[in-house]
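Q: Could you walk me through how to read a few features of this model? I'd like the general idea each time, and then the case at hand.

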Amino acid sequence: TLLEFLDAMADANVPDMTLAHTIVQNYVPLLFAQDKSIPFTCNSMTTVYNPLNRFVMTQCVPLLDATGFDPVALAQDLKDQIVDPSSIEAEAWVESHSYMTRLYGEFASPTDMDKDPFF
């Protein structure tokens, strides 16, 4: 289903960005079934794919007319337009820096080490 696909996108950390919304809207236009009452929160594609607020996503997506939804083509477009370019840029950045000069981290103070249940 469309909701399962969007949940998988969110689980894969596909960014909540205009390009992702545009790609999703190319495959699932923001058209709602005529017999449903539409909540005001479902008025844009940013509420249809919203990995940070899945409650709103679960309220809006089932109301969409997802007939003809092609998950394979949508996944390929997401890969071609978001995942692959990001991977190429990240790989180029890592290759351009031959070594790491410093690493920052926060550590518990000695007095707090016996209070942290995960330590």
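A: Let's start with helices: they are DSSP runs of H or I with at least four residues, while strands are runs of E with at least two, all numbered from the N terminus. This is a predicted model, where local features need pLDDT of at least 70 and side-chain atom pairs count only at pLDDT 80 or more, though totals for chains, interfaces and linings use all residues. Residues are numbered from 1 along each chain as its sequence is written, and side-chain values use heavy atoms, with hydrogens and water left out.

Q: Where is the place of L19?
A: L19 belongs to helix 2, residues 18-27.

Q: Does L19 count as buried, partly exposed or exposed, and why?
A: Buried means under 20% relative accessible area, exposed means over 50%, and partly exposed is in between (1.4 Å probe, protein chains only). L19 comes out as partly exposed because its relative accessibility is 31%.

Q: What is L19 in contact with, leaving aside its neighbours within four places in sequence?
A: Contact means heavy atoms within 4.5 Å. By that rule, and with those neighbours left aside, L19 touches Q81 and I82.

Q: How many residues does helix 5 have, and what should they span?
A: The expected span is 1.5 Å times one less than the number of residues. Helix 5 (residues 71-96) has 26 residues, so it should span 38 Å; the end C-alpha atoms are 36 Å apart, which agrees.

Q: Where does helix 5 bend?
A: A bend at a residue is the angle between axes fitted to the seven residues ending there and the seven starting there. In helix 5 the bend is about 40°, at K79.

Q: Which residues are buried in helix 5, and what covers them?
A: L74, L78 and I82 are buried there. The cover for the buried residues of helix 5 includes helix 1 (2-11) and helix 2.

Q: How many aromatic pairs does a search of the whole structure find?
A: Rings of Phe, Tyr and Trp (its six-membered ring) pair if their centres lie within 6.5 Å; planes under 30 degrees apart are stacked, over 60 edge-to-face, and the rest tilted. The search finds one pair. F5 and F69 form it, edge-to-face, at 5.6 Å centre to centre with 80° between the planes. The pair links distant parts of the chain, 64 residues apart: F5 is in helix 1, F69 in the loop between helix 4 (54-60) and helix 5.
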